[in-house]
Amino acid sequence: MQTNPKTWTADARALPTDRPLSAEEVLAKIKAAAGDDFLDGSLAPREEAASGDPAHHVRCRFRGPALRRVVEALLSTQYPHLSVIAAVDCGDSIELPYIFALFSGAGHDPAGSSPDAAKSREVRVIATAVVPKSDPVIDTISDLIPGALFSEREKQEMIGVTVRGIPDPRRLFLPDDVPEGVYPWRKDETGIPPDMVRELWKTGRGVDGVPSAPEA
């Protein structure tokens, strides 16, 4: 049986050796990892996951330098899954929510040895790294989670965050005629300027090839 020594057993027949943590314990783990860079955190009321099993939300914010420490702490749990990296222009800062699901497979118990194991103990984590807009730099986590690379590339081109150590900085979505220093998700002067807005209604071309309605 092959195993991944960093996180979980690769064989679905094997039960995880570490018990799933409660939402409170996950938040405490994040706070300890972030240290002095921790800003705030909260627990959302219990909700139902899509599967119908109980799930909990953990929300927290921390300064950018703590990102890798927080991600490493989350990866030390069972069944960590990074869903997406989001981004929000908050004026003087940019917030980058890293959205995780933890323990979503921890209830798997084919032998039926534990009645409690039949239920999922999923904890959803929104771990938000805050970087100042005056110096919007964050470290890559692509060496920890290879799939994060595509979200990191998106954040570089769409909101102007520099991802330090990123192995592939190429654009993903913007065409070559969009100049450097223009970031579509920004709400300030570096956002899309008016002369770059495509007003298809003026051309009569419409969207997706559907002709637009004529002007009254």
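Reader: Which residues does Val-123 touch, leaving out those up to four places away in sequence?

Author: In this predicted model, Val-123 touches Leu-21, Ser-22, Ala-23, Val-26, His-56, Val-58, Phe-100, Ala-101, Leu-102 and Phe-103. Val-123 lies in strand E7. From Val-123 to Pro-20 the C-alpha distance is 9.0 Å, although 103 residues separate them in sequence.

Reader: Is Val-123 buried or exposed?

Author: In soluble globular proteins, nonpolar side chains tend to be buried together. Val-123 counts as buried because its relative accessibility is 2%, and the cut-off for buried is under 20%.

Reader: Which residues have the most contacts inside the largest nonpolar core?

Author: They are Val-26, Ile-30, Phe-62, Tyr-98, Phe-100, Val-125 and Ile-138, in a core of 38 residues. Elements giving two or more residues to this core include helix H1 (23–34), strand E6 (93–102) and strand E7 (123–132). Beyond four places in sequence, Tyr-98 has among its contacts Leu-67, Val-125 and Ile-141.

Reader: Which residues make the nonpolar surface patch?

Author: Phe-150, Leu-172 and Phe-173 form this patch of about 310 Å². Phe-173 sits in the loop between strand E9 (162–164) and helix H4 (200–203). With a relative accessible area of 53%, Phe-173 is exposed.

Reader: Where does pLDDT stay under 50?

Author: Where pLDDT is low, the predicted coordinates should not be read in detail. Residues 1–17 stay under 50, and the model gives them 25 contacts beyond four places in sequence. Residues 108–118 are also below 50, with 11 contacts beyond near neighbours in sequence. The chain averages a pLDDT of 82, and 71% of the residues score at least 70.

Key: Residues are numbered from 1 along each chain as its sequence is written. This is a predicted model: local features need pLDDT of at least 70, side-chain atom pairs count only at pLDDT 80 or more; totals for chains, interfaces and linings use all residues. Side-chain values use heavy atoms; hydrogens and water are left out. pLDDT is the predictor's confidence in each residue, from 0 to 100. Contact means heavy atoms within 4.5 Å. A nonpolar core is a set of buried Ala, Val, Leu, Ile, Met, Phe, Trp, Tyr and Cys residues joined through side-chain atoms within 4.5 Å. Buried means under 20% relative accessible area, exposed over 50%, partly exposed in between (1.4 Å probe, protein chains only). Helices (H or I, at least four residues) and strands (E, at least two) are DSSP runs, numbered from the N terminus. Patches are made of residues with over 30% relative accessible area and no salt bridge: like charges are joined within 9 Å, nonpolar side chains (Val, Leu, Ile, Met, Phe, Trp, Tyr) within 5 Å. Accessible areas come from the Shrake-Rupley method with a 1.4 Å probe; for residues, only the protein chains shown count as cover. A salt bridge is a side-chain nitrogen of Lys or Arg within 4 Å of a carboxyl oxygen of Asp or Glu.
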